[in-house]
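Please look through the sequence and the structure shown below, and keep both at hand while reading the report that follows.

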Amino acid sequence: MDLSRLSTDPYWWDAAPPEEARDPLPERADVLIVGSGYCGLSAATELARNGTDAIVLDADALGAGASTRSGGMVSSGQKMVMTGAVRGKARERVSDLLADSVESFAYIENLIAQEKLDAGYRKSGRFFAAYVPKHYDRLRRQGELLREMTGVTVHDIPRSAQRSVIGSDFYHGGIVVDEYGGLHPGLYNRSLRDLARRSGARLYSHAPVRDIARDGSGFRVVTGRGIVRAREVVVATNGYTGKATPRLRRRIVPVYSYQIATEPLPAELLREINPGQRMISDSQRELYYTRPSPDGTRVLFGSRPSFIEMNEAAAARVLSRKLVEVWPKLAPFRITHSWRGKVAMTFDKVAHMGTDEGIHFAVGCNGNGVALMTYLGHQTALRLLGRANRTCAFDVPDFPTEPYYAGRPWFLPIVSGWYHFRDWMDRAQA
Ligand SMILES: Cc1cc2nc3c(=O)[nH]c(=O)nc-3n(C[C@H](O)[C@H](O)[C@H](O)COP(=O)(O)OP(=O)(O)OC[C@H]3O[C@@H](n4cnc5c(N)ncnc54)[C@H](O)[C@@H]3O)c2cc1C
């Protein structure tokens with residue numbers, strides 16, 4: 001593929017770039033929220049709507065974190081089943097986690113519809129593809145579990161019928177889940193910023209929070225642009241969690257995920273390669289995920305191209321080769337964008353919200369945060385306002401870390417190398 005004129009900004013930023021908001025910071029606020037992704041903005045909206053003076057601070061431009069870099073796939077909780085996050089957990093706990101995940105899907109769909117958010121959302125369904133033949137049965141079992149525990153509609157797609165959902169012979173069948181959507185992450189983040197402001201919240205960019213300390217009954221927050229005192233603090237920094245919150249940092253493993261976008265493609269070719277215009281991912285450990293752009297003109301494709309970190313240009317070379325493995329007909333076309341962003345993994349593969357040493361937080365999307373982190377931001381606000389009528393299943397503030405881990409994932413190349421090797425072995429043995 002032609003990589004000669006590559007932008008290393010996310011494709012989404014063409015339509016909705018992150019925003020500068022450099023007004024002077026206030027000296028005080030009721031609630032100071034750290035992070036202007038889906039989670040922070042969602043919390044700010046609910047708080048402000050209920051008369052709370054809420055401010056959002058971001059170290060970077062507003063929305064510059066994962067929330068304008070994501071694939072924009074809107075999940076109803078399947079990923080926890082597909083990635084094995086539910087393995088080893090009691091059935092009741094799994095049921096609660098999945099119930100709140102399904103709720104997060106309903107929540108984001110309602111939010112977009114009720115607030116008429118310009119988010120490029122479409123309920124598209126998702127094809128989970130078997131990377132090797134033995135994964136097909138596993139996917140069917142997982143589909144069965146999802147059907148039973150969450151009531152979603154799951155279709156088994158044997159390889160013989162695969163061309164009805166993907167114009168490729170690369171995979172070995174799979175399942176389609178109907179309760180799944182896709183949106184434009186840049187537009188969605190911008191709409192959430194507008195909504196938070198309409199609700200009365202104030203947003204500030206380029207205001208890195210450096211220290212959060214107790215100050216009487218509230219907090220004294222040191223930022224790169226001065227000191228702010230707040231009654232409460234909400235941390236919504238997910239994969240970008242840093243030194244200001246060392247206890248959270250020890251519990252989060254930031255992992256880069258990479259994506260590329262093709263140039264606009266002929267409509268007929270797009271119809272052939274993805275007839276239902278669905279979200280698609282596969283069953284590799286270092287999975288491929290792909291989707292059409294919301295305007296239906298391009299293919300976006302993501303993965304972790306290597307066990308080591310790469311820059312965007314190097315990642316584009318690897319990802320474009322993988323894209324052509326799936327769809328050889330894309331070889332003559334150009335890649336226009338290649339970008340990356342940080343996902344927050346946790347050692348127990350589940351997101352967490354709660355309060356730690358008086359600081360509220362919601363973090364740890366594990367790669368599944370468009371719906372979930374929006375929802376957990378909302379839940380965090382409800383909790384803070386004393387308006388939650390039940391405890392969210394993700395409200396488990398005590399979550400694991402590992403010895404010798406302080407936030408720099410030195411072990412990642414080893415783990416990722418092992419995953420890449422096992423994916424390669426699976427294919428070699430198939
Ligand atoms: C490449 C990629 C693809 C993805 N694809 C999908 C997908 O298809 N579907 C899905 O559901 N999820 C996906 N995700 C995950 C999803 O994007 C995230 O879960 C979600 O955006 C997290 O939102 P958030 O608000 O919690 O955090 P973020 O959007 O990451 O926001 C955190 C913010 O905190 C700010 N910050 C950090 N530290 C400080 C500080 N000290 N002071 C001030 N500000 C600070 C950062 O600058 C950042 O803007 C993807 C992620 C990536 C990176």
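Predicted model: local features only at pLDDT ≥ 70, side-chain atom pairs only at ≥ 80, totals over all residues.

Strands of a sheet pair through backbone hydrogen bonds, and the pairing can be either parallel or antiparallel. In this model, eight strands form an open sheet with mixed pairing, and their order is β6-β7-β5-β14-β15-β16-β13-β17. The edge strands are β6 (154–157) and β17, each of which pairs on one side only. From one strand to the next, the twist averages 20°.

Within this order, strand β15 (residues 289–292) pairs with strand β16 (residues 299–303) in the antiparallel sense, over four bridges. Here R291 has L300 in β16 as its bridge partner. Helix α8 (residues 312–326) lies across β13, β16 and β17, and the helix runs at about 95° to β17.

How are α1 and α5 oriented relative to each other? Helix α1 (residues 38–49) packs with helix α5 (residues 185–199) at an angle of about 20°, and their axes are 8 Å apart. Angles under 35 degrees count as roughly parallel, and α1 and α5 are therefore roughly parallel to each other. Their crossing is left-handed.

On the α1 side, the residues that take part in the contact are Y38, L41, S42, A44, T45, A48 and R49, and these meet N189, L192, R193, L195, A196 and S199 in α5.

## The surroundings of the ligand

Which residues are the closest to the ligand? The ligand is surrounded by 42 residues, and the closest of them are G37, G65, G71, G341 and G369. Helix α1, already described for its packing with α5, is one of the elements that give two or more residues to this shell, together with β13 (252–262), β17 (335–346) and α9 (370–385). The residues of the shell divide into 17 nonpolar, 21 polar and four charged.

Key
Residues numbered from 1 in each chain as written. Axes fitted to C-alpha atoms, helices over the stretch in contact; angles between N-to-C directions. Parallel < 35°, antiparallel > 145°, perpendicular 65-115°, else oblique. Left-handed = near helix turned anticlockwise from the far one by under 90°. Contact = placed C-beta atoms within 7 Å. Near = placed C-beta within 6 Å. Nonpolar A, V, L, I, M, F, W, Y, C, P; charged D, E, K, R; others polar. Pairing = 2+ DSSP bridges.
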